[in-house]
Amino acid sequence: MVGFIGNLDELRVNYPLIKKSALAHPDKTFLFVGPLNNTEYLELGLPDIPNIIFAGGKNLYELPQYLQYMDCCLIPFLCNTLTKSIYPLKINEYLSGGKPVIATNFSEDIQSFKEQIYLADTDAAFVKLIDEALLPQSEQATRDRIALAESNTWTARISQFWDIMKPYLDYPE
């Protein structure tokens with residue numbers, strides 16, 4: 001099971017890449033959980049591809065139930081002006097489940113995860129990395145992904161922010 005959880009809009013999601021991926025891997029199920037806010041997926045015929053499932057939008061509390069059945073997770077974002085500025089919060093959700101993640105190289109922020117995820121510079125690389133991500137994973141790799149997600153909590157981010165700001169503030173500790 002290859003999965004995606006999030007808003008499936010036309011400004012961020014690379015639908016042609018989804019189609020290429022599903023057609024190249026007919027033996028795998030591609031599950032997309034989230035609202036569909038456009039018609040591009042229909043125009044490309046994605047609902048007609050037998051190994052693609054669009055589950056629609058779900059309650060936030062239901063999402064872990066879907067994530068637990070995903071063997072790897074996708075961030076198939078377009079590389080454009082909008083995505084260049086995106087910090088993908090969903091990566092921490094995926095990693096907190098210990099899941100391997102395949103992403104397009106859409107922003108500088110996603111590059112900060114390159115040691116723990118499969119990062120693709122081309123559509124062909126993205127499609128190929130699906131097989132690699134689905135290879136058996138070591139327990140250490142799973143623990144490393146979970147640890148990375150834990151280091152990206154809001155509490156950790158605020159602490160990092162204060163560490164950066166302290167030298168510029170004139171206030172006692």
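**Exercise 1. Is Arg143 buried, partly exposed or exposed, and what is its relative accessible area?**

*Solution.* Keep in mind as you work that this is a predicted model.

Step 1. Take the value for the residue: Arg143 has a relative accessible area of 45%.

Step 2. Compare it with the cut-offs: buried means under 20%, exposed means over 50%, and partly exposed lies in between. Arg143 is therefore partly exposed.

Step 3. Look for its partner. The side chain of Arg143 meets that of Glu139 in a salt bridge, at 3.7 Å from N to O.

Step 4. Glu139 counts as exposed because its relative accessibility is 62%.

**Exercise 2. Find the salt bridge of Lys28 and describe the parts of the chain that it links.**

*Solution.* Step 1. Begin with the total: the whole structure holds six salt bridges.

Step 1. Pick out the one in question. Lys28 is bridged to Asp131, and their closest N and O atoms are 3.1 Å apart.

Step 2. Locate both ends. Lys28 sits in the loop between α1 and β2, while Asp131 belongs to helix α7 (residues 123–133).

Step 3. Compare the surroundings. Lys28 counts as buried because its relative accessibility is 13%, whereas Asp131, at 40%, counts as partly exposed.

Step 4. Now try another pair, Asp163 and Lys166. Their closest N and O atoms are 4.0 Å apart, and they form a salt bridge. Lys166 is partly exposed, with a relative accessible area of 39%.

**Exercise 3. Starting from strand β1, trace its parallel pairings and work out the handedness of the crossover to β2.**

*Solution.* Step 1. Look at the two faces of β1 (residues 2–5). Val2 and Phe4 point one way, Gly3 and Ile5 point the other way, and all are buried.

Step 1. Pair the strand with β2 (residues 30–33). The two run parallel and share four bridges. Ile5 is placed opposite Val33 of β2.

Step 2. Follow the chain between them. It leaves β1, passes through helix α1 (residues 15–24) and reaches β2, giving a right-handed β-α-β crossover.

Step 3. Turn to the other neighbour. β1 also pairs in the parallel sense with β4 (residues 72–75), over two bridges. Here Gly3 stands opposite Cys73, while in β2 the bridge partner of Gly3 is Leu31.

Step 4. Check the faces of β2. Phe30 and Phe32 lie on one side, Leu31 and Val33 on the other; all are buried, so both faces are covered.

**Exercise 4. Which geometry does the aromatic pair of Phe77 and Phe106 have, and which parts does the pair tie together?**

*Solution.* Step 1. A search of the whole structure gives seven aromatic pairs.

Step 1. For Phe77 and Phe106, the ring centres are 4.9 Å apart and the planes make an angle of 55°, a tilted arrangement.

Step 2. Place the residues. Phe77 is in the loop between β4 and α4 (81–84), and Phe106 is in the loop between β5 (101–104) and α6 (108–111), so the pair ties together parts 29 residues apart in sequence. Phe77 and Phe106 are both buried.

Step 3. Look for a wider group. Ring pairs connect Phe4, Tyr15, Phe32, Tyr41 and Phe54 into a cluster.

**Exercise 5. Identify the residues of the nonpolar surface patch and the helix that gives the largest share.**

*Solution.* Step 1. List the members: Leu89, Trp154, Ile158, Phe161, Trp162 and Leu169 make a patch of about 650 Å².

Step 1. Assign them. Helix α9 (residues 154–165) supplies the largest share, four residues.

Technical notes: Residues numbered from 1 in each chain as written. Predicted model: local features only at pLDDT ≥ 70, side-chain atom pairs only at ≥ 80, totals over all residues. Heavy atoms only, no water. Patch = residues over 30% accessible without salt bridge, like charges linked within 9 Å, V, L, I, M, F, W, Y side chains within 5 Å. Areas by Shrake-Rupley, 256 points an atom, 1.4 Å probe, with all protein chains shown as cover. Buried < 20%, exposed > 50% of the residue type's maximum accessible area, 1.4 Å probe, protein only. Pairing = 2+ DSSP bridges. Right-handed = clockwise from strand over helix to strand, strands pointing away. Phe/Tyr/Trp six-rings, centres within 6.5 Å; stacked < 30°, edge-to-face > 60°.
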